[in-house]
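This report looks at one protein chain as a whole and then at a single position within it. The sequence and the model come first.

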Amino acid sequence: MKFEISTPLGFTVRTSEDYWQRLIIKHPDIEKLEDFVQLALSAPDQVRRSSRDAGVLLFYRVRREERWVVAVARRLNEDGFLITAYQTDAIKEGETVWLK
């Protein structure tokens with residue numbers, strides 16, 4: 001297990017070392033931001049529901065002005081798993097589920 005983080009929405013999100021390694025191949029800029037990804041999950045600035053898949057949540061954490069780290073997770077009951085993580089300069093559309 002790479003990490004398992006409790007979210008403010010009452011469920012945990014986990015990922016394995018193998019999955020993390022595959023994720024950073026696709027998003028190499030995230031490799032040094034693992035702490036920020038975990039912070040996005042545990043203490044997000046906001047959480048939005050994906051407009052394409054109601055079971056997917058996007059956890060946003062400001063890294064610097066106009067730049068967020070986004071952790072994308074799927075929730076299954078009380079368990080969640082990390083789908084991907086990346087940096088962005090825009091918050092996607094979708095229902096706001098949680099605000100800091």
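Two residues are said to be in contact when heavy atoms of theirs lie within 4.5 Å. In this predicted model, and with its neighbours within four places in sequence set aside, threonine 84 is in contact with Leu23, His27, Val70, Ala71 and Val72. Threonine 84 belongs to strand 6, which covers residues 79–88, and the side chain of threonine 84 also makes a polar contact of 3.4 Å with the side chain of histidine 27. Because buried means under 20% relative accessible area, threonine 84, with a relative accessibility of 17%, counts as buried.

For the chain as a whole, there are 2 helices and 7 strands, and their order from the N terminus is β-β-α-α-β-β-β-β-β. The radius of gyration is 12 Å, close to the 13 Å that the globule rule gives for 100 residues, so the chain is as compact as a globular protein of that length. Along the principal axes, the C-alpha atoms fill a box of roughly 35 × 30 × 25 Å.

| Quantity | Share |
|---|---|
| Buried residues among the 100 residues in the chain | 42% |
| Residues 24 or more positions apart, among contacts with a separation of 6 or more | 49% |

Conventions
Residues are numbered from 1 along each chain as its sequence is written. This is a predicted model: local features need pLDDT of at least 70, side-chain atom pairs count only at pLDDT 80 or more; totals for chains, interfaces and linings use all residues. Side-chain values use heavy atoms; hydrogens and water are left out. Helices (H or I, at least four residues) and strands (E, at least two) are DSSP runs, numbered from the N terminus. Buried means under 20% relative accessible area, exposed over 50%, partly exposed in between (1.4 Å probe, protein chains only). A polar contact is a pair of N or O atoms within 3.5 Å; within protein, one must be able to donate a hydrogen and the other to accept it, and residues adjacent in sequence count only if both atoms are side-chain atoms. The radius of gyration is taken over C-alpha atoms; the globule rule is 2.2 Å times the number of residues to the power 0.38.
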